[in-house]
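Open the model in your viewer and keep the selection tool at hand.

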Amino acid sequence: MDRSAAPGLESPKPSPGAPVLTDLNVLPHRLDREAMTVRAIIETPRGGRAKFDYDRESGLFALHDVLPAGMAFPMAFGFIPNTLGGDGDPLDVIVLADEDLPVGSLATVKLLGVIEACQTERDGRENRNDRLIARILKTRIYADVHDLECLGHAMVGELTSFFETYNALKGKHFQVSAVSDPARACALIAQATR
């Protein structure tokens, strides 16, 4: 039976004014190199064990992984839209914020720097997998944090250790090649823009 011809079984057509799902990967990131700001999409909130990834096909955020007991994401984790990193995904960003940012949040962030890294996959393939570090633009608590030096070496070391451990749990190796300033973070975004 040809269902496309059967009355009442046609695919529903969106009504005028109905919301249309947007592909978040192509949303403009609005990088401002002078202010060192960019838009970020949050996939995983701070403090949780569940790792979510944006699913382009559905437009939803799918559960990707769960960290072991005693381990949690130290900051909100997400991506910069309209970019493509060395690993084939949008550039990753971790975000300091006064309050927890829910899954799917769109936020303007101020870039603080970047942990530049090479990631070795289980099959031995190597690719760039940098971690941009930012703070929420509209903040009270982090208003005086302008770069990674403001966070301190101990905090940056903790973040590096988290990503090394996170990857080791998946049988991957995360090797830091440099810790760089906000200008370098901006340059990497500009370079990765689609």
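Begin with the largest nonpolar core, which has 22 residues; select Ile 80 and Leu 132, the members that touch the most others. A nonpolar core here is a set of buried Ala, Val, Leu, Ile, Met, Phe, Trp, Tyr and Cys residues joined through side-chain atoms within 4.5 Å. Buried means under 20% relative accessible area, taken with a 1.4 Å probe and protein chains only.

Now colour the elements that give two or more residues to this core: strands S1 (37-44), S5 (92-96), S6 (106-120) and S8 (131-136), and helix H3. H3 gives the most, with five residues. Helices (H or I, at least four residues) and strands (E, at least two) are DSSP runs, numbered from the N terminus.

This is a predicted model: local features need pLDDT of at least 70, side-chain atom pairs count only at pLDDT 80 or more, and totals for chains, interfaces and linings use all residues. Residues are numbered from 1 along each chain as its sequence is written, and side-chain values use heavy atoms, with hydrogens and water left out.

Stay on Ile 80 and show its contacts (heavy atoms within 4.5 Å). Leaving aside residues up to four places away in sequence, Ile 80 touches His 29, Val 38, Arg 39, Ala 40, Pro 90, Leu 91, Val 93, Leu 132 and Ile 189. Apart from this core lies another, of 21 residues; Met 71, Ile 94, Val 156 and Phe 174 are among them.

Next, select Lys 51, Asp 53, Asp 87, Asp 89 and Asp 92, which lie nearest the centre of the largest pocket, out of 24 lining residues. A pocket is an open set of points on a 1 Å grid over the protein atoms alone, where a 1.4 Å probe fits, with protein on both sides within 12 Å along at least five of seven lines; lining residues have an atom within 4 Å of a point. Its lining divides into five nonpolar, seven polar and twelve charged residues. Strand S2 gives the most to this lining, with three residues.

For the second largest pocket, select Gly 85, Gly 86, Leu 91, Asp 130 and Ala 192, the nearest to its centre of 14 lining residues. Here helix H3 (residues 182-192) supplies the largest share, three residues.

Finally, zoom out. How many helices and strands does the chain have? There are three helices and nine strands, and 42% of the 194 residues count as buried.

Terms used: Nonpolar A, V, L, I, M, F, W, Y, C, P; charged D, E, K, R; others polar. Buried < 20%, exposed > 50% of the residue type's maximum accessible area, 1.4 Å probe, protein only.
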